[in-house]
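Work through the exercises below with the sequence and the model side by side. Try each task before reading its solution.

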Amino acid sequence: MSYSGTVRCSHCRMSGHNKAGCPRHKEQIERLRANDPNDYRVHAHDEKTARRQASVQNRRCSYCNGQGHTRAGCQLKKGAMAQFAKRNAVYRKNVLDALVKHGVGPGAMIIHTNYWKETNTYLVLGVDWGSINMHNPSWPALNVVKTKFIRNIPGGTRGFVLPGQRAYQHLTEKVEIAVPTSEIRILSTVPADYLNGKLGLKDIFRDKESDLYNIKDYYGDWDEPLDVSKFSIDLPE
C-alpha cells in the first residue's frame, strides 16, 4: 500500500488491487500451467493460494466468534448495524424535535446550578450529532463553554447532556434554558446522515469498551444476536 493509502500491485504496478487479485498474474499462471503443470512458478502460486485459503478458514470473527470470516465481512454484524441504524433514526428524530422545541443548540444559553448551589451560565457552541444514539442517551453531546471563558474557548469547553421531553426537568440538578436559539440555526447544523441513523454508526460498533462491539454476553456466551428493541427510543420526561 502506498503512502496515500492506495493499494498497488507488485506484479503489474497498477493501483486498486494487490498481486493476489491481479488478473494479469492469474492469466500468466494459467498460461504456465497449460504449457507445463509442473512449472515451479505454478507450484509456488498454488501453495501460496492454499495457505491463504487455509488462513481464511481458520480466522475467527471478533464480533460473532464465527470461523471463516472477520468482523469486517460479518453478515451478522452488518445486519445488527442496519437494524440499529433504523431504530436509532427514530430516537434521533425525537432528540432533534426536543432540541428544536426547547431551543437548545448553537447560540443558546443554559444556566446550571449544581449540588452545592453553585451557578454557572453556559453558551452552547454546537452538537456532537454523531454521538447521539439510543444505546447511550446520557452521553454529553452538547458542546458548551462557560460564558466567563468565552475569550478562551479551547480551554473552557465541556460536554453537556441533551434535554428530555420537558427540557431538563428529568435531571436532579437544576438547569434552565435562559436564552433559546432558533429552529433554523439548529437545523442548519444537522448533518446529512443524522436522521437515517448512519452518522457515527461505525464508531458505535467499533468501540471496544461498548457492549455493542460483539455479541458476547456477561457470561461469555456468543449465541445471542443483538436485539435492538431493548433500547428505548423515548426521551426522559
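**Exercise 1: a sheet and its strands**

Solution. The model is a predicted one, in which local features need pLDDT of at least 70 and side-chain atom pairs count only at pLDDT 80 or more, while totals for chains, interfaces and linings use all residues. Residues are numbered from 1 along each chain as its sequence is written, and side-chain values use heavy atoms, with hydrogens and water left out.

Next, widen the view to the two strands: β2 (residues 119-127) and β3 (residues 142-146) run antiparallel and are joined by 5 bridges. Strands here are DSSP runs of E with at least two residues, helices are runs of H or I with at least four, and both are numbered from the N terminus; two strands pair if DSSP finds at least two bridges between them. Strands of a sheet pair through backbone hydrogen bonds, either parallel or antiparallel.

Finally, take in the open sheet, in which 5 strands follow the order β4-β3-β2-β1-β5 with antiparallel pairing. At its edges lie β4 (157-160) and β5 (174-179), each of which pairs on one side only.

**Exercise 2: aromatic rings**

Task: decide how the rings of Tyr122 and Phe160 are arranged, stacked, tilted or edge-to-face.

Solution. The structure holds 7 aromatic pairs, where rings of Phe, Tyr and Trp (its six-membered ring) pair if their centres lie within 6.5 Å, and planes under 30 degrees apart count as stacked, over 60 as edge-to-face and the rest as tilted. For Tyr122 and Phe160 the centres are 6.0 Å apart and the planes stand at 40°, so this pair is tilted. The pair links distant parts of the chain, with Tyr122 in strand β2 and Phe160 in strand β4, 38 residues apart.

Now follow Phe160 to its pair with Tyr168, which is edge-to-face, at 5.7 Å centre to centre and 70° between the planes. Then check accessibility, where buried means under 20% relative accessible area, exposed over 50% and partly exposed in between (1.4 Å probe, protein chains only). Tyr122 is buried at 3%, Phe160 is buried at 4%, and Tyr168 is buried at 3%. Elsewhere, ring pairs link Phe84, Phe205 and Phe231 into a cluster.

**Exercise 3: a lysine in a helix**

Task: is Lys78 buried, partly exposed or exposed?

Solution. First place Lys78 in helix α3, which covers residues 75-102. Its relative accessibility is 43%, so Lys78 counts as partly exposed. Leaving aside residues up to four places away in sequence, Lys78 touches Ala72 and Gly73, a contact being heavy atoms within 4.5 Å.

**Exercise 4: the protein overall**

Task: describe the pattern of elements along the sequence and how spread out the protein is.

Solution. Reading along the sequence gives α-α-α-β-β-β-α-β-β-α-α. The radius of gyration, taken over C-alpha atoms, is 26 Å, well over the 18 Å that the globule rule (2.2 Å times the number of residues to the power 0.38) gives for 237 residues, so the protein is more spread out than a compact globule. Along the principal axes, the C-alpha atoms fill a box of roughly 85 × 45 × 30 Å.
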